Amino acid sequence: MALREKQAVAIIAAAGTGERMGSGRPKLLREIAGEPVLVRTLQGLDLPELEAVFLLLHPGEKEQILSLLENEFRTYGRKRELVIVDGGRRRQDSVLVGLGAAAQWGGWRVPEADRLVLIHDGARPLVEEELIRRVLAAAARTGAAAAGVPVKDTIKEVGEDEIVLATPDRRRLWAVQTPQVFSWPVIYHAHLKAAAEGFSATDDCALVEYTGHPVQMVMGSYANLKITTPEDLLAASALLKGVATPRYRVGYGFDLHRLEAGRRLVLGGVEIPGPVGLAGHSDADVAVHAVIDALLGAAALGDIGALFPDDDPAYKDIDSCLLLAEVMERLAAAGFNPVNLDLTIIAQQPKIGPYREKLKTNLAAILGLAETAVSVKATTTEGLGPTGRGEGIAAQATVLLAEAPRGADGRGEA
């Protein structure tokens, strides 16, 4: 039967004591990017498919959680029924109590065979809607489904003396997560059977497997962390802020200056001896000017002419490397960092080879890059055009910028 023909509720297992989190506030009240863990979990389950949520809380923490999250619970309860239930000693006991509360729920409109129960850890605040819907759909087809991910590490079975007993084939190993979704008859029968026979397990899938019913694994997400230790809070905050997924910008810059007798020839901040230099209001360093325009273009911050007008006496004969340093400050303020630079100088003369490494050193230092991330090349135009006729020197630059990730509130991180 299709998911749209089913009716689903959620049970949130949040009655653990969180001992591995250490002393202080209850784990579910610890904040991730300004929001308590439990609030983020509830927000993750804010789907129209889930008509009621049964929240299992530890009796010793319930009053504190309810008082601090009263407004959040009230707001959430306007969208669907939110039922607070005292949890049991073990997770397994808590879920059975939650199933009992769900059995008494007055909102069921379909027979038991068409009811779905989603069970989720209260300490998995980064669950995504799309994942929840995948697991719901799989359970609607099979009667039992769970999110999980293939393990990345080699797993060892270790004895009490810390000696390795076996190395299971990693290709067949998955780390199970929540949500786990079951049809009502499957999960209720599994819990009743386990309770009657004294069988214990750390997740609901194992109870269902104990009855002989197969469980369908659904590809989960490595970001679907369970908050257990303080380090998990840091990892979750980093994921929310997008640290792992920076955005990139590409920029291209070009500049051309004519050669003139009596002027210094400066390229990439390096003075090159010779009878002629480049004409311009500043030191006319075409290499640096091309880099500046590439950086500004990638960040959409204008161009060199707008920032440093050639009729402003403040920039008369100025060292262009100083202008580049100012551009770098503007980039940092806008949340951009250079990743690499590819610079090409176009000239018949002089030969760039003897100065290449010094150019790379100068530019890398100003850009805050390793020299291995800076490429300086030179070419001629085989006697064609103004550079080929020795009338000027040109440069073109391509840069890659990483845009600082945006925080959970949508603003750039400082």
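Author: The expected span of a helix is 1.5 Å multiplied by one less than its number of residues. The model discussed here is predicted.

Reader: What makes the reach of helix α4 close to the one expected?

Author: Helix α4, residues 91–103, has 13 residues and reaches 18 Å from its first C-alpha to its last. The expected value at 1.5 Å a residue is 18 Å, and the reach is therefore called close to it.

Reader: How do you know where the buried residues of α4 fall, seen down its axis?

Author: Residues count as buried under 20% relative accessible area. In α4 these are Q92, S94, V95, G98, L99 and A102. Their directions from the axis fall within an arc of 155°, so they line one face of the helix. Elements that cover them include β1 (7–14), β4 (50–57) and α6 (184–197).

Reader: Why is strand β18 called mostly covered?

Author: Strand β18 spans residues 392–403, and nine of its twelve residues are buried. Since buried means under 20% relative accessible area, the strand is described as mostly covered.

Reader: How do you know that β12 and β18 pair?

Author: Pairing requires at least two bridges between two strands. Twelve bridges join β12 (residues 247–261) to β18, and the two run antiparallel; because twelve meets the requirement of at least two, they pair. One of the facing positions is G253, opposite A397 in β18. Strand β16 (residues 336–346) is also antiparallel to β18, with ten bridges, and I346 has A394 as its bridge partner.

Reader: What makes β15 and β17 edge strands?

Author: The open sheet has five strands in the order β15-β12-β18-β16-β17, with mixed pairing. Strands β15 (276–278) and β17 each pair on one side only. For β15 the partner is β12, to which three antiparallel bridges join it; A261 stands opposite V276 there.

Reader: Which elements give two or more residues to the largest nonpolar core?

Author: That core has 47 residues, and those with the most contacts inside it include L267, L341 and I345. The contributing elements are α9 (286–299), α10 (304–307), α11 (320–334), β16, α12 (356–367), β17 (374–379) and β18. Helix α9 provides the largest share, eleven residues. This helix lies across β12, β15, β16 and β18, whereas α12 lies across β16 and β17. Residues that L341 touches include V291, L363, V374 and A397.

Key
Residues numbered from 1 in each chain as written. Predicted model: local features only at pLDDT ≥ 70, side-chain atom pairs only at ≥ 80, totals over all residues. Heavy atoms only, no water. Buried < 20%, exposed > 50% of the residue type's maximum accessible area, 1.4 Å probe, protein only. Helix = DSSP H or I, 4+ residues; strand = E, 2+ residues; numbered from the N terminus. Arc of directions from axis to C-beta. Contact = heavy atoms within 4.5 Å. Core = buried A, V, L, I, M, F, W, Y, C linked by side-chain atoms within 4.5 Å. Axes fitted to C-alpha atoms, helices over the stretch in contact; angles between N-to-C directions. Lists of a residue's contacts leave out its neighbours within four places in sequence.
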